[in-house]
Amino acid sequence: MRLLSWRKANRLTCVKPKCRICYSSTFTFPAISQHQIPSQNFHTPRKELSKLLHKRPPKSQLKQIHAQILIQQHSSTASLVNSLIHCYLHIKEVTSARLLFLQYPLPSPPILIWNVMIRAYCKLQNSSESFSLFRHLLNLDHLTIQVLPDVYTFTFIVTSCAHQRSVVQGRIVHGLVVRNGLESNLFVGNSLINMYAVFKITDDAYKVFDRMSERDVFSWTSLVCGYANNGEMYQASEVFYKMPVRNDVSWAVIVSGFSGNGKYMEVLLCLNDMFCSIEDKVTPNEAVLVCALSACANLGALEQGNWIHAYIKRTGIHESSNISTALIDMYAKCGRIDIARLVFNRIPRPNVHNFTSMISGLSYHGRGEHALTVFNRMLDENVNPNEVTIIGVLNACSHSGLVEEGSSIFNNMENLWGIEPQIEHYGCYVDLLGRAGYLEKALEVVKSMHIKTDIVIWRALLSACRIHRNIFLGNGIIDFIKQLNSDGPSGSEVLLSNLYASLGNWEKVSELRKAMGQRKTQSDIGCSWIEVNGVVHEFRVADKLHPQILEVLDKLNELWIVLS
């Protein structure tokens, strides 16, 4: 293999060598406490030391073995040093392994040791040490030291690039990969696809994939993951269904991709394809089941959710914390808070996610006092709440008019649980005060916020003005919203229009509607789902595409006549 000089390639940014390899055969190591060093009169044979190291001993025994190697002056034996490095990396003592590596008894460690050191650092987020080692390797005098990077070296260094903040270093390493003719290698190619997928550069990920002469399930799955993470679900689905072989991870990636992009109908269709797939012969894993239950929760598909729950019981799948949390959320959002409580009560030791899901579910159903009871139980069991828990509790207080309790939680969340209020917490608190009629106090909270307000906060306050028919404050809020959203606050103007309508001021309603029409204001199209006989039906505003739309409109007209 012809190795190109690192100096001829672009230099890796922000990477400076912090040390150089010491070629001395002498060896120094951090002091080991006296009780760990065996008696100098006792000597363990070198072969016995090697056998002990191959067993990957725990840290305390490893230090004793290391001490024996130092005492018996075996530190110049490369095989023992190699084993020591492997053992220290096995117990995640990277610093100790690095010290041994830097004072290696030969002019250079073999490429295997370079690789394991680079791999150890590439697992660390944002670590530049793997690049430092890689640069040392490329700068060796290869005329006298026959140690060259191999396929594994490039695989590990590309993996490290995926953990960096920028893709710049990855592109430089990719250039070296191409120049050394390794881009079509399966392992290196997979690492490159994964790296570009992490940075959401799907075009480059596909180019690497297309040039590979050999592909495995990881190659295909990494490309699907890249498209899914970038929101390109059409391309992700196209690649997925072209895969010659799919495993449970492949299915989990496509299902979670649909779920993460809000395509809940597709999640259930994909789950059905998974059960019907004869070629793959795979069963849903935890990730697939959690995504499917989440889709049922968002669609209100109770029958589908019941079927998945029954499947979990029938097949003996362990109801992990994640599955239990998803079940509670699904039943709560589908209107069966009673079953959600049964699922929650069966959990032996609920964690923060289980508690949060139960509290949020009770909040949806306006059961604020029950939510506070669960919250107090959570505190009694020494389970600390997180940011989402506090949002759920504040929402519960808001929907039940528990102003005093909600105010106490909001004002003490930082002191008691170390949670600094974010925009979502302020929104819940403003909504709590606004619903209860404390409009002036809610406005004071908004004005005193230490973080920048957004439109959602003002809309929550405007909604409270509509409930309590405060037209004066409503007009003032709409001016704030216009300053925040120069493109036209259509949603806010609709709220203000409703406020005028509740007061019977139809002239103002007409003026607002006319102004919105002149600007051709567009908002996100409303969408809703309903499950009938196990089938989920989707409807959008002014929908005319549903096969039974005429029957639906006739039924709506009948209801309108009755209500009139």
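Looked up Arg 171 to begin with: at 39% relative accessibility it is partly exposed, meaning between the cut-offs for buried (under 20% relative accessible area) and exposed (over 50%), with a 1.4 Å probe and protein chains only. I'm working on a predicted model, where local features need pLDDT of at least 70, side-chain atom pairs count only at pLDDT 80 or more, and totals for chains, interfaces and linings use all residues. Residues are numbered from 1 along each chain as its sequence is written, and side-chain values use heavy atoms, leaving out hydrogens and water.

Next I checked the partners of Arg 171. Asp 204 makes a salt bridge with Arg 171, closest N and O atoms 2.8 Å apart; the rule is a side-chain nitrogen of Lys or Arg within 4 Å of a carboxyl oxygen of Asp or Glu. I noted Asp 204 as buried, at 16%. Lys 207 joins Arg 171 and Asp 204 in a salt-bridge network.

I then went through other bridges; the count is nine. One of them pairs Glu 129 with Arg 98 at 2.9 Å, N to O. Glu 129 sits in helix α6 (residues 129-138) and Arg 98 in helix α4, 31 residues apart. I found Glu 129 buried at 13% and Arg 98 buried at 7%.

Last, I looked for disulfides (cysteine sulfur pairs within 2.5 Å) and got zero. Of the cysteines I looked up, Cys 225 is partly exposed at 27%, while Cys 428 is buried at 7%.

Methods: Helices (H or I, at least four residues) and strands (E, at least two) are DSSP runs, numbered from the N terminus.
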